[in-house]
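Please view the sequence alongside the coordinates while reading.

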Amino acid sequence: MAEEISVQEEELCGCRVLSVELRSTDAAEHLNRTVGTYITISPGTTLDGQAKIETAGECLAAVLDRVLRPYYGGKLCVCGLGNPNIPADSLGPEVTRNLPLMFFSGNQISGNFRDVCAFAPGTAGMNNMHTELVVSGVAKAAEADCVLLVDSIAAAEVSRLFQTIQISTAGGTTPYLTGRKPAWSIVGVPVISLGVPTTIPISALTANAALEGTTLTSTYVGDVIAAAGTIIIYAILRACWPSLSKSECFLLTKAHRDPLPYSPLLDGDETMTAGCS
């Protein structure tokens, strides 16, 4: 079993990165997972208004470069899962709403992908359709070669709540409250998921059966969503358009927001590929 599971830990751009690769069906079933690679980025601080884009953003950009590289030259479809009307569940729509993709179409800036599109499919509670069906239809119509799902997820441990970014090459996320496991294989192309824990089940804190199915979050979760969304947008821009400088990517992450806060990234205009100096 040991040779079927690979575990690697490293420090990347000032963040701790833990990668677990499940190479066989037996190994995946043993851990109640799907075959693939599971990556956890720990910036060492809460993802809120004080989070530094140049730390978590650069690390995430480097990780995305690794997992998306096999699909470079094709078309990437970024899908923002979640309900924009529920703060703790709004990370996906926050990212797709503020991803400035039309800027690249208008300026014809070449990148690692032939094209990048983005959309928010809503939730089954909003449109009465299984989310993977909507994603599958859009991915096929857009002729996507890869789908990147961005979603708010539930933390299994308190130490991960608001403090980690989780990436998986094993397909999409599973909604905690419904308990239904989506059939992401119907999408027809590789599905990579990217999530930030914004809620935690009460069952992780207490054994009270009367509270089963209930989750907790913070009254400041809006700050977490805004900060995490900015980091993710920045990382997507860095990974997809490596010719852009760090400061250019930062400015573009804020293109749809006002006011534009100060950042140390604006002090310089260093052009680099996705990764760390």
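Is helix H8 (residues 246-253) mostly covered or mostly uncovered? Helix H8 is mostly covered, with 6 of its 8 residues buried; buried denotes under 20% relative accessible area, exposed over 50%, and partly exposed the range in between (1.4 Å probe, protein chains only). Helices (H or I, at least four residues) and strands (E, at least two) are DSSP runs, numbered from the N terminus. The model is predicted, so local features need pLDDT of at least 70 and side-chain atom pairs count only at pLDDT 80 or more, whereas totals for chains, interfaces and linings use all residues. Residues are numbered from 1 along each chain as its sequence is written, and side-chain values use heavy atoms, leaving out hydrogens and water.

The buried residues of H8 are Lys-246, Ser-247, Cys-249, Phe-250, Leu-252 and Thr-253. They pack against helix H2 (53-68), helix H4 (101-107) and helix H7 (221-240), where contact means heavy atoms within 4.5 Å.

With a disulfide defined as a pair of cysteine sulfur atoms within 2.5 Å, the count comes to 0 disulfides. Cys-146 accordingly is in no disulfide, the nearest cysteine sulfur, that of Cys-77, being 9.3 Å away. Cys-146 is also buried, at 0% relative accessibility.

Ile-186 sits in the loop between strand E7 (165-168) and strand E8 (191-201).
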